[in-house]
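Please read the following points with the model open beside you, and take each of them slowly.

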Amino acid sequence: MISIQLKRIFVFLIVLFLISSCAGLSDRAAESAITPLPLQSNQTPTDKVLEEVDWWKTAVFYQIFVRSFYDSDGDGIGDFRGLVQKLDYLNDGNPKTENDLGINALWLMPIHPSPSYHGYDVTDYYQVNPDYGTLDDFKDLIDAAHQRGMRVIIDLVINHTSTRHPWFQQALDPQSPYHDYYIWQDENPGYTGPEGQKVWHRAANGKYYYALFWDQMPDLNLENPAVTQEIYQIARFWLEEAGVDGFRIDAAKHLIEEGNDQENTDSTHQWFADFYRYYKSINPQAITVGEVWSNSFEAVRYLRNQEMDVVFNFDLARSILSNVNNRNATSLNNTLTFETRLFPPGSMGIFLSNHDQDRVMTVLMQDESKARIAAAVYLTSPGVPFVYYGEEIGLTGQGDHRNIRTPMHWSAESKAGFTSGTPWLFPKPDYAEKNVQNQLQDSSSLLRFYMNLLRIRSQSEGLQSGQFYPVACSSAAVLSYARVTQNEQVLVILNLSNQPQEKVTFRTLEGLLPGRYRLQPLTGKIVEVVVSVQQDGSLQEFEFPDTVPVGDVLIYQFEKLPEN
């Protein structure tokens with residue numbers, strides 16, 4: 001057993017070395033891929049945005065639970081028309097305005113018919129949840145988002161269906177062709193799931209079916225070619241007929257079991273490799289984002305063989321929150337350095353929390369200074385950021401999933417301005433103080449902080465696609481790193497402690513472009529200092545000429561000085 005583990009570690013180190021060796025080449029390829037094309041005479045700026053190659057590599061996603069976003073008709077449930085009414089808050093299509101977040105991609109949690117509020121037990125893959133509107137309403141949403149330069153991906157739940165799906169209802173008959181759409185045994189095999197949960201459940205026909213998450217969500221048998229063809233046609237429908245730009249794949253690691261092995265199997269990897277080729281044949285710019293809730297070593301495997309375009313990095317999300325909470329800049333620097341080298345450029349889904357996790361502001365004990373630092377880390381690091389709705393105004397929530405999927409706070413009006421009726425779930429009690437309207441009017445609010453930071457990111461090639469280089473700092477309390485492309489170099493400085501840091505020095509051994517530079521603030525004060533980068537790419541040690549304050553985010557662009 002030990003020998004096998006050593007072999008795996010040795011192979012991983014070789015792969016990591018090759019990834020690091022190719023990082024510069026991959027970075028240059030990514031840079032060339034996002035070079036904007038000149039506008040044709042009949043093009044608008046939005047057309048230009050939607051024609052970008054590998055668009056997701058520089059996108060910022062916003063995750064939306066439609067049920068809780070905005071209700072347009074007073075029935076207490078968020079809907080597609082309500083989302084259209086709030087699109088200008090996310091992106092009004094005009095980069096010169098300052099009252100939108102500047103989001104350029106949306107991830108919609110399940111939109112299909114379902115007996116559950118969350119929608120992860122689908123009953124019809126070709127329709128939308130009537131609580132949210134009609135299919136035409138959904139298509140109107142897609143058009144409105146595209147007009148503003150925003151892409152849209154939807155949850156594709158293919159590991160399982162609802163027991164109320166017609167497939168499963170017919171599968172109860174062993175003679176039905178749908179019987180093999182699911183996984184059956186005459187006797188209970190007896191083993192449990194990865195977390196010790198019951199996975200074999202007795203059906204009305206006396207047989208046992210496999211359901212990893214819940215007895216109302218039976219797993220599909222994706223080893224059956226007929227089921228795979230069903231999924232292919234579903235994907236084609238939403239890409240071609242509905243106009244979506246891709247899919248977030250729920251529970252991706254559980255797709256195909258191999259005996260008692262129920263996650264990250266070779267069969268699962270092969271299925272996704274085949275699916276990747278299929279959806280790319282329909283639209284080369286369509287994407288999949290994988291929920292692979294495993295360690296980074298397992299997650300990155302889905303990217304190496306062209307199985308998915310983006311995979312969420314759960315290890316990094318946990319590290320950011322933990323280290324910001326504990327004010328441990330050294331540990332966070334080490335994690336960022338490792339994770340950003342492990343994942344190929346433009347493929348790491350970076351986030352703080354999602355619909356299955358306690359909300360950021362709760363994890364950080366409602367310390368807004370920490371929330372700003374955590375946001376700055378993931379919005380200035382390599383990867384594809386995903387903002388969970390309400391994170392930008394400091395929504396709280398923990399424990400039961402409903403408690404972290406509550407309605408958005410739009411105003412101090414009754415029911416947080418979410419609905420004119422009785423909400424499906426009441427907003428948090430603090431909505432009168434913590435809402436979009438109030439924070440838009442406060443230049444120092446958390447929302448304004450997110451808006452400003454996202455605007456800086458959108459205008460910086462370095463922050464969007466630059467390679468990550470750790471920058472050594474004389475203070476263990478300060479996290480610092482550089483983002484570097486051939487056209488721009490950016491220095492990020494974050495003080496994780498609760499004390500100002502003075503006479504701080506910085507240096508790095510590699511990665512920067514040679515020359516003498518002035519530091520131009522993208523955020524932070526103007527500083528009078530000239531820094532030098534040697535021919536080998538090392539940043540000569542220099543002392544920062546000002547105090548590094550608590551909670552501030554300092555971002556500086558290297559402005560090259562003329563040669564003497």
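1. The buried residues of helix H15 are Leu446, Leu447, Arg448, Phe449, Tyr450, Met451, Leu453, Leu454, Arg455, Ile456 and Arg457. Please keep in mind throughout that this is a predicted model.

2. Helix H15 covers residues 446–458, and its 13 residues reach 18 Å from the first C-alpha to the last, which is close to the 18 Å expected at 1.5 Å a residue. Because 11 of those 13 residues are buried, H15 is largely enclosed by the rest of the structure.

3. A search of the whole structure finds 48 aromatic pairs. Trp107 and Phe386 form an edge-to-face pair, with 6.2 Å from centre to centre and 80 degrees between the planes. This pair links distant parts of the chain, with Trp107 in strand S2 (residues 105–108) and Phe386 in strand S11 (residues 384–388), 279 residues apart. Both Trp107 and Phe386 are buried, and they belong to one aromatic cluster whose members include Trp55, Trp56 and Phe61.

4. Two arginines deserve a look as well: Arg359 lies over the face of Tyr389, at 4.8 Å from the ring centre, while Arg402 lies over the face of Tyr117, at 4.2 Å from the ring centre.

Terms used:
Residues numbered from 1 in each chain as written. Predicted model: local features only at pLDDT ≥ 70, side-chain atom pairs only at ≥ 80, totals over all residues. Heavy atoms only, no water. Helix = DSSP H or I, 4+ residues; strand = E, 2+ residues; numbered from the N terminus. Expected span 1.5 Å × (residues − 1). Buried < 20%, exposed > 50% of the residue type's maximum accessible area, 1.4 Å probe, protein only. Phe/Tyr/Trp six-rings, centres within 6.5 Å; stacked < 30°, edge-to-face > 60°. Lys NZ or Arg CZ within 6 Å of the ring centre and 35° of its normal.
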